[in-house]
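Me: I have a structure open and would like to go through it with you. Can we take it piece by piece?

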Amino acid sequence: MRQLIKHKKIIILFIILAIILLIALLIILNINNQPENDDQYVRDGTVSEQIDYINEWKGKINNITDLGDYYILKNIINKYYLDYSTLFSEDISEDDSSTIMFDILAKDYIDKYQITKDNIKEHFPQITENEVYLLEGYVVSNFENKKIYIVKCLIRENQTGNLIENDLIVVCDTLNSSFAIYSDDYVKELNLGNIEVGTNFAFDLNYEIEKNSNNLYGAGTKDFDDYCQDIFETFRKLLLFAPEKAYEFLNEDFKNINFPNYSDFQTFINSNRTDIFLMTYSNYELSIEENNNVYNVYDKNDIFYLTFNTESLVNLDCTIQKFV
């Protein structure tokens, strides 16, 4: 009997030891699976460790290199500022323009600023009919059917020539081709600072985008000839109307050799303003340099040619030269 009890105690002891070893093994495996130092996230303008927030959306910030992404973003931004300008237009009723804007703004943006259809016009600074130029753009896509675009754009009012720089966050639902906008004031509060490609990005996304007739998007059927014509025209307009932004787009080596000071660049523009005004897109040639696509884009008047070194389709790296 005593021998049987002794055997039972030994078996129980082995079971306890096995359970302890199993728990220790699980703890070790969990520690090994924890994110390392590079698994930190930009959240509200600060870098913090990864934490499992409910409904938080996480992913890496990437350059926009896909033509589909470029035109999705471009189409949405153009539509947004067209709809925005209707708030201050006499060609559409206040009720209709307020409804359109209400439909394309993110639900938690509306809640945060307590926006209603009655007060929406008072919330936004006046921007009339305009053209929009993309200055910076990034995409984050690492969560089911959602994509986030972070964009800096320049708005030029057609009548006044006023220039307004805005930051936006655009969230797209790729299943139902709908989008929601977080406007400039919201993005400024995030205090993102200088965005670095490869940085992890965390964003609270606690609702599903409701599809409606005003928040749909389409990529269209654009090709690289359309793209080169777009960036040619964008750079031409920046040369004429926002030369300081065109100067920021210049390739650093090219800038240091040809226009080391902004005043040198202004002199070049002023001396060639008529020819720049008449610049018309002709065609492009593609070359590969150091694994990057380089687009040589030609003026139909054979006066200028531009080059765009595109690690990103939005964040351009340009040169402008005259034919000799």
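The chat below covers a sheet, a pair of helices and a pocket.

Me: What kind of model is this, and how are residues numbered?
Reply: This is a predicted model, where local features need pLDDT of at least 70, side-chain atom pairs count only at pLDDT 80 or more, and totals for chains, interfaces and linings use all residues. Residues are numbered from 1 along each chain as its sequence is written, and side-chain values use heavy atoms, with hydrogens and water left out.

Me: What is the order of strands in the open sheet of four strands?
Reply: The order is E10-E11-E12-E13, with antiparallel pairing. Strands (E, at least two residues) and helices (H or I, at least four) are DSSP runs numbered from the N terminus, and two strands pair if DSSP finds at least two bridges between them.

Me: Which strands stand at the edges?
Reply: Strand E10 (281–289) and strand E13 (318–322) do; each has a single partner strand, so one side of each is left without a neighbour in the sheet. The twist averages 20 degrees from one strand to the next, with axes fitted to C-alpha atoms and angles running from 0 to 180 degrees between N-to-C directions.

Me: How many bridges pair E10 and E11?
Reply: Eight, and E11 covers residues 292–299. Ser 287 has Val 294 in E11 as its bridge partner. E10 and E11 form a hairpin with two residues between them, and Glu 290 in the turn has a positive phi of about 55 degrees.

Me: And E12 with E13?
Reply: Five bridges join E12 (residues 304–309) to E13. Thr 307 stands opposite Thr 319 in E13.

Me: Helices now. At what angle do H2 and H3 pack?
Reply: H2 (residues 67–86) and H3 (residues 94–104) pack at about 145 degrees, with axes 8 Å apart. For helices, the axes are fitted over the stretch in contact.

Me: Which residues meet there?
Reply: Tyr 80, Asp 83, Tyr 84 and Thr 86 in H2 meet Ser 97, Ile 100, Met 101 and Ile 104 in H3; contact means heavy atoms within 4.5 Å.

Me: Last topic: what is the volume of the largest pocket?
Reply: About 380 Å³. A pocket is an open set of points on a 1 Å grid over the protein atoms alone, where a 1.4 Å probe fits, with protein on both sides within 12 Å along at least five of seven lines. Grid points are joined across faces, edges and corners, and the volume is the space filled by probe spheres set on the points.

Me: What lines the largest pocket?
Reply: It is lined by 16 residues, meaning those with an atom within 4 Å of a point. Leu 135, Glu 248, Phe 249, Asn 315 and Leu 316 lie nearest its centre. H8 gives the most to the lining, with three residues.
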